[in-house]
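Please look over the sequence and the structure shown here before reading the report that follows.

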Amino acid sequence: MNLLQTKKLIREVYKTQIETGERYAIHLISGPGLGKSSVVNQLAGEFEKDMGVPFACLEFFLNSKEAPDVGGYGLPDEDKDGTKIMSWTRAPWMPLADDPQHGFVFLDEFKQSQHDVQKVSAELLLNGKVNESRLPITYMVLAASNRDGDRSGVNRELAFVTNRTMEIEIEPDLDSWVDWAERQGVHWGAIAFAKRRPGVIFSDKVPDTPGPFCTPRSFVKASVLMDRIPKDLFIEAAGGLIGEGTAAEFVAFMRVVDELPEYDEIVADPAGCRVPNISRPDALYAVMQMVAHNVTPDTATPAFKYITRLPQEFQVAGLKAAMRKSPHILRSADFAQWVRDNQELIRSANLLAN
């Protein structure tokens, strides 16, 4: 399941939990840096917008916790008749009185935690409570872990704990990541490189040799530095985040940007402004993403005209990206004719879905 499908599933299950009172806990499994934590936080923000009320995401990193951090601490107490008993302190994951009434409790790095911690978490996953701490039904418990073979300190999960969650394996998926990256304002050049070399960004296994390696998470961190530190330092910094080989390839790709037309040139003369040669897919990916990143309602018409001069596969990808940024591109006077001329292409690419 990709990240977009995962978000949709969590949405539907959360609504079911609220409506029925049946509690669910969803455990997300993937390779490192694929975006599990980001998608949970993003989804909390979307719920807040949709519901019109505050929506919390209470993150709890289990790999650094002990059992009492999950269940609370036992303190000597007395019953009403004087019988010696033990009372439990409020668990740290419990919402406070002034926290939002709706939200997630997010147990990150779940399988990196010790068995004693997993055991205490079992009741929280199943019933939303541990000892005297109980979540309202408007809070869903989510967990996230890396895979067993990812060299991430994962411990064997106990079977009785597994049986208390809905375990979802997240697969690397370019389209889901691009959708997220464009909404988050990731540098358009980085998105273009990911489209050009998805196998580099979304490798299915952790390298056998120690050292920096590329994941979507480390790649985004590198991209943030691109225009903020000197170029001679960037390749060193990127190498320390995504590995020397990937950093060198990324830097070489970004040199293509210097050969592209400026967006102002495209707007001024979309029919005559230079288009990268068909033999340069790296430049085509870059110019396509650059136009999509810069398009505005006022420049949608010339942006559309320029995109339709690219090879067909780049037209579709460019229009998809541009439509996310500015749906006004659909109102271009030439768009209806383009749709009529490319109906088969539109159907096969599912361009106008949603």
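## Val39 and its surroundings

Beyond its neighbours within four places in sequence, Val39 is in contact (heavy atoms within 4.5 Å) with Leu3 and Lys7. Val39 belongs to helix α2, which spans residues 36–51, and with a relative accessible area of 6% it is buried, a word used for values under 20%, with exposed over 50% and partly exposed in between (1.4 Å probe, protein chains only). Between the C-alpha atoms of Val39 and Glu262, which are 223 residues apart along the chain, the separation is 33 Å.

## Basis of the model

This is a predicted model, in which local features need pLDDT of at least 70 and side-chain atom pairs count only at pLDDT 80 or more, while totals for chains, interfaces and linings use all residues. Residues are numbered from 1 along each chain as its sequence is written, and side-chain values use heavy atoms, with hydrogens and water left out.

Helices (H or I, at least four residues) and strands (E, at least two) are DSSP runs numbered from the N terminus, and two strands pair if DSSP finds at least two bridges between them.

## The open sheet

An open sheet with parallel pairing is formed by 5 strands in the order β2-β5-β8-β1-β9. Because β2 (55–61) and β9 (166–169) stand at the edges with a single partner strand each, one side of each is left without a neighbour in the sheet.

Strand β1 (residues 25–30) pairs with strand β8 (residues 139–146) in the parallel sense over 6 bridges, and His27 has Ala143 in β8 as its bridge partner.

## Asp282

Asp282 lies in helix α13 (residues 281–294) and counts as buried at 16% relative accessibility. Leaving aside neighbours within four places in sequence, Asp282 is in contact with Arg196, Phe253 and Val256.
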